[in-house]
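Student: Please put up the model, and then we can go through its side-chain contacts.

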Amino acid sequence: MRRGTGGRRRTIAAARAGLFAATCMIVGMTLVPHAVQAQSLPGCTATTLQDPERQVLDCGNGLVIDKEAAASLTSQTPQSSLELGSDAVLIEVSPRDSFQVLTPHAIATVRGTVFAVDTQEGVTSVFVVKGKVEVTRRDGSDPVLLGPGDGVDVREGEPLTVRQWPQPRVVQLLARFGR
């Protein structure tokens, strides 16, 4: 009876994967492709939720950030702004002077509202559940004001057009946050 080399190949592959992960940690890369990243922001507490997989960051003072598992967030002062690099967040913010979400394409500025921001390659989409959100391009031009049910897609070279989003699009976006 011949013994296969499949087990040995798996062992070598696992060792290589472990070495690659260790190298990534040494050079500061994050390697968590399909799991909720244990990401938190200064002053926020994180809770991991399932169905769908996501993380809720409670930053106090009425700021709650519900982020998709793969969403990348950074902030030195989450009480005033955060930077969204990819995927989507649903934000609940109590009334305050100002709060901003910055993406590669847009800036969403709010005062007491619930809204979602989704950034993908080439486009940032902003949708307001309740309250009001002003959306501008990163250069500050072309501001538009969104109210409940309104959304805008920010793409380079296209005008900012406020639209009432169709129910299927709203349902699809909010389902990403278990709502």
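Student: Is E83 buried, partly exposed or exposed?

Tutor: This is a predicted model, in which local features need pLDDT of at least 70, side-chain atom pairs count only at pLDDT 80 or more, and totals for chains, interfaces and linings use all residues. Residues are numbered from 1 along each chain as its sequence is written, and side-chain values use heavy atoms, with hydrogens and water left out. Buried means under 20% relative accessible area, exposed over 50%, and partly exposed in between (1.4 Å probe, protein chains only). E83 has 31% relative accessibility, so E83 is partly exposed.

Student: Which residue forms a salt bridge with E83?

Tutor: A salt bridge is a side-chain nitrogen of Lys or Arg within 4 Å of a carboxyl oxygen of Asp or Glu. For E83 the closest N and O atoms of the pair are 3.1 Å apart.

Student: How many residues apart are E83 and R138?

Tutor: Helices (H or I, at least four residues) and strands (E, at least two) are DSSP runs, numbered from the N terminus. E83 belongs to strand β5 (residues 81-93), while R138 sits in the loop between β10 (133-137) and β11 (144-146). The pair links distant parts of the chain, and the separation is 55 residues.

Student: What is the N to O distance in the salt bridge of D66 and R54?

Tutor: D66 is buried at a relative accessible area of 3%, and R54 is buried at 10% relative accessibility. Their side chains meet in a salt bridge, with an N to O distance of 3.4 Å.

Student: How many aromatic pairs does a search of the whole structure find, and are the rings stacked or edge-to-face?

Tutor: The search finds one aromatic pair. Rings of Phe, Tyr and Trp (its six-membered ring) pair if their centres lie within 6.5 Å; planes under 30 degrees apart count as stacked, over 60 as edge-to-face and the rest as tilted. The centres of F127 and W165 are 5.0 Å apart and their planes are at 25°, so the pair is stacked.
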